[in-house]
Structures are given as structure tokens and as C-alpha cells.
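Colleague: I am new to reading models like this one. Could you walk me through it?

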Amino acid sequence: MKLKMMYAFLNTDITLIEKELEQTVHTDETLITDASLHLLQAGGKRIRPVFVLLAAKFGHYNIDQIKHVAVALELIHMASLVHDDVIDDADKRRGKPTIKAKWDNRIAMYTGDYIFARALEVMSEVKDVEAHKILSNTMVELTLGEIEQIKDKYNLNQNLRMYLRRIKRKTALLIAASCQLGAIAAGAPEDIHKRLFWFGYYVGMSFQITDDILDFISSEEQLGKPVGSDLLQGNITLPVLYAIENAEFRDKVEQLFEREYEQELINEIISDIKSSNAIERSFEMSDRYLQKAMSILEELPPNKAKKTLHQIAKYIGKRKF
């Protein structure tokens, strides 16, 4: 089943969220509006708003209140992507030129800052103090994750703990916050929104590990960016971390980092990763997090949203792009 079919019963509200996103980034400054819409209209899975809406089903669902959380979380995610592309010098995102590629780094940085600011403005409609504490802490951790990634670029002397902490901060906590804040905005009990936080965290860890796997085993058409682009940017992801246990492979990666772009060497490295057990081991790690997420779901009361969260979690573990 396709991802969008799993939450088709939310289509009306998701359409509303899309319209709110477009309206929110609109400003009298045409350049900032065009740059913001460029990324927004490139598409995306909208996983974070979907999790917000589904989590809200465990409380008193009111789209006029919940939409503020859904829009804010997606805007924060968008802003982080804009800044990411500047840091990684990436030219493609979702199959289209990045903001930094279409305009320049300065426009991209200010656009990212603007989107972050608009997210906070939208979130101010939510009056729950705890919700704002959770969001601000999430943004701090997200920033720390980005800094860690910059610091660890081209560093082959990393360990599993460093990698897991980095993806926790960069990806998992924002998905966890989406689940928790959706429930809080709907007035769900504390035991429910805390369980939803852990569900989102475990799903987020699995989501990022799967992303890192797909960077090697998917196609450029499916990824919307070159295969192996994470490694080309110096980012050591889980498959590489496992593969560099082999000394010969580690030497090849060191050569890649020391030389100019060499397609033949890149292709060889990608082939080596795919033929090693690194991909299988990475999938096993992803599955362990998914199983933890499924266990948390069992503790939640039965409803349509719970069933949908289960389907989405399974999809994340098996997705091809």
C-alpha cells in the first residue's frame, strides 16, 4: 500500500495544512517567498504533519488548533533542509535544484532563518507552556546534531554511539516531537503523549537509518539526488561505519576523501558496500528500532490512528525511497 493511502482519511486536513504552509511562507519580499515556495512545492512526504494529526486523534481532535503544530513542525524541518544544503554544498533536493543552487548561499541562509522564524510565530497560537518547552528543546538538539555532523565530516574514527546520537538529534527528536506535540495540542493525557514521543523517537531512528541505507541501494531518480551523496559530502553513515571495519575498504574511503571527485572510485565504493554485510546489518539495526516502536503502540488505546501509525511504521522499514 502506498504511504498516502494509509492516511487517506486525513486528506481534507492535509490539504488544509498544505494551504497553510503556502500562506505562512508568503511575504511582501518576493525573493524570500519564491525561495520558500521553491522548496515547499518540490514535495516531500509530510511525515511530520501526518504524525501530528494522527497523534491528535488520541485526544480532542480540533484541526483549527492542531494545524498550528503541524505547520510549525514542517516549517522547522524545511528550514533545517535549507541550511543542510548550504553546509553540504548540495545542488539537488527532491530532484530539483536546491535554494542555494538556484540563488546562492546567502539567500538560502536567510530563507532558512525566515522559515524558522515563521514556524515559531505559528506555534505561538498554541498556549500550552509545556509544548513550547518541548519544541525549543527539540530545536536546540537539532542544531547540536547539525554541528556534530559538521564536526564529524570526513572523520573515519567514529563509533556507533556517535552516529546514533547524531541521528537522534538531527532526525528522530523532531519526529518524536511531532507525535508528542500533536497529542498535547489535542489535550491527550500525559501518559499517552509520552508514549507517543517514544513511538516517534524509535520510528525516527529507523527512518534515518533507512534513509542512510537507501543512499547506497536506491537510484538517483528515486532519491532525487546522486547515489552515495552522503559519503561524497563526508558524512559517515551506518552502512559506511560497518563497512570500514574492513581495512581495504577503509583505505578506499580515505583515498576518496583525499582526492578530487573520481566517479570510478565512487562506483567501486558503492559496489563494495552493497556486496558487503553492511547493508544487511544496517537493516537489522533499523528493524530493532521499529520493533521498539511497535511495542510502544501496543500500550496505546485502540483507534484508527493507532492502526495507521502501525502501517506507517512498517512502510518506513520497507520503503524504497
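Modeller: A cavity is a set of points, on a 1 Å grid over the protein atoms alone, where a 1.4 Å probe fits but cannot get out, and lining residues have an atom within 4 Å of a point. Points are joined across faces, edges and corners, and a volume is the space filled by probe spheres set on them. This is a predicted model: local features need pLDDT of at least 70, side-chain atom pairs count only at pLDDT 80 or more, and totals for chains, interfaces and linings use all residues. Residues are numbered from 1 along each chain as its sequence is written, and side-chain values use heavy atoms, leaving out hydrogens and water.

Colleague: What volume does the largest cavity have?

Modeller: The whole structure was searched for cavities of 30 Å³ or more, and 1 was found. The volume of the largest cavity is about 80 Å³.

Colleague: Which helix gives the largest share of its lining?

Modeller: Among the lining residues are H38, L81 and K96. Helices (DSSP runs of H or I, at least four residues) and strands (E, at least two) are numbered from the N terminus. The largest share, 3 residues, comes from helix 5.

Colleague: Are helix 9 and helix 10 roughly parallel or oblique to each other?

Modeller: Helix 9 (residues 160–185) and helix 10 (residues 190–217) pack at about 140 degrees, with axes 7 Å apart. Axes are lines fitted to C-alpha atoms, for helices over the stretch in contact, and angles run from 0 to 180 degrees between N-to-C directions. Under 35 degrees counts as roughly parallel, over 145 as roughly antiparallel, 65 to 115 as roughly perpendicular and the rest as oblique. Helix 9 and helix 10 are therefore oblique.

Conventions: 1 Å grid on protein atoms, 1.4 Å probe; cavity = no way out; pocket = protein on both sides within 12 Å on 5 of 7 lines; lining within 4 Å.
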